[in-house]
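User: Got a model up on screen and want a quick walk through it. Can we go piece by piece?
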Amino acid sequence: MSGIIGGAGSKSGVIGEIGQTREVRFYAYGGSDATVAVANTNGVPFGEVPENVGGGMHASNGIFTAPVEGIYSFYVQIYNYSGGSNTYDWRCIANSQPSASQVIGRFHGALAQGHICTFGGVKWIRKGEEINITNTSGGSRNFYSGTGEHTIFIGALIREGGVYI
């Protein structure tokens with residue numbers, strides 16, 4: 001027995017052998033050696049996506065769209081490139097909603113120039129839901145885009161399917 005319970009008309013989320021899950025994962029980063037300003041409530045752009053298994057990460061807008069329903073893990077790293085110390089409020093959110101129920105991970109606090117903040121989280125995501133990194137600091141904030149190791153966004157499907165008990 002797999003230990004998975006699905007509702008009427010739902011699928012268990014297991015394909016093939018028990019425990020197999022489709023591969024969905026991405027690695028995205030800024031893509032240029034430049035300082036980028038992100039206005040309040042706007043998303044962080046991730047112009048380079050060297051790994052995009054499942055095709056959910058979109059370099060054009062920095063948004064990940066879940067290709068399948070399941071439990072996902074996300075990791076974010078942002079390199080501060082503003083002069084002086086600023087208060088930051090970066091959030092990994094679902095469906096462009098910074099409300100508490102849609103926040104997957106968050107960094108809130110002061111950050112001096114040249115320092116890095118990291119945050120992440122795990123959340124059950126429906127197929128088609130959009131995940132992005134948003135500035136909710138109340139004003140424009142700068143970060144260093146970098147070429148792969150400064151500002152990054154990583155995500156992966158842990159388990160495909162519905163609710164597990």
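User: Start with cysteine 117: buried or exposed?

Analyst: This is a predicted model, to begin with. Cysteine 117 is buried, with a relative accessible area of 2%.

User: And cysteine 92, buried or exposed?

Analyst: Cysteine 92 is buried, because its relative accessible area is 1% and the cut-off for buried is under 20%.

User: Now strand 6 with strand 12. How many bridges?

Analyst: Eight bridges, in the antiparallel sense.

User: Which residue of strand 12 stands opposite glycine 70?

Analyst: Glutamate 160 is the one facing glycine 70.

User: Switching to strand 10. How many of its residues are buried?

Analyst: Five of the six, so strand 10 is mostly covered.

User: What does strand 5 do with strand 10?

Analyst: Strand 5 (residues 63–65) pairs with strand 10 over two bridges, again antiparallel. There, threonine 65 has glutamate 130 as its bridge partner.

User: Core next. Which residues have the most contacts inside the largest nonpolar core?

Analyst: Phe74, Trp90 and Phe153. That core has 30 residues.

User: Which elements give two or more residues to it?

Analyst: Strand 1 (25–29), strand 2 (32–38), strand 6 (70–79), strand 7 (85–94), strand 8 (103–112), strand 9 (116–125), strand 10 (130–135) and strand 12 (152–160).

User: Last one, threonine 151. Where is it found?

Analyst: Threonine 151 is in the loop between strand 11 (141–146) and strand 12.

User: Buried or exposed, that threonine 151?

Analyst: Buried, with a relative accessible area of 0%.

User: What does the side chain of threonine 151 reach?

Analyst: The backbone nitrogen of tyrosine 79, at 3.2 Å.

User: And which residues is threonine 151 in contact with, leaving aside neighbours within four places in sequence?

Analyst: Ala28, Tyr29, Gly30, Phe46, Gln77, Ile78, Tyr79, Phe143, Tyr144 and Ser145.

Technical notes:
Residues are numbered from 1 along each chain as its sequence is written. This is a predicted model: local features need pLDDT of at least 70, side-chain atom pairs count only at pLDDT 80 or more; totals for chains, interfaces and linings use all residues. Side-chain values use heavy atoms; hydrogens and water are left out. A nonpolar core is a set of buried Ala, Val, Leu, Ile, Met, Phe, Trp, Tyr and Cys residues joined through side-chain atoms within 4.5 Å. Buried means under 20% relative accessible area, exposed over 50%, partly exposed in between (1.4 Å probe, protein chains only). Helices (H or I, at least four residues) and strands (E, at least two) are DSSP runs, numbered from the N terminus. Two strands pair if DSSP finds at least two bridges between them. A polar contact is a pair of N or O atoms within 3.5 Å; within protein, one must be able to donate a hydrogen and the other to accept it, and residues adjacent in sequence count only if both atoms are side-chain atoms. Contact means heavy atoms within 4.5 Å.
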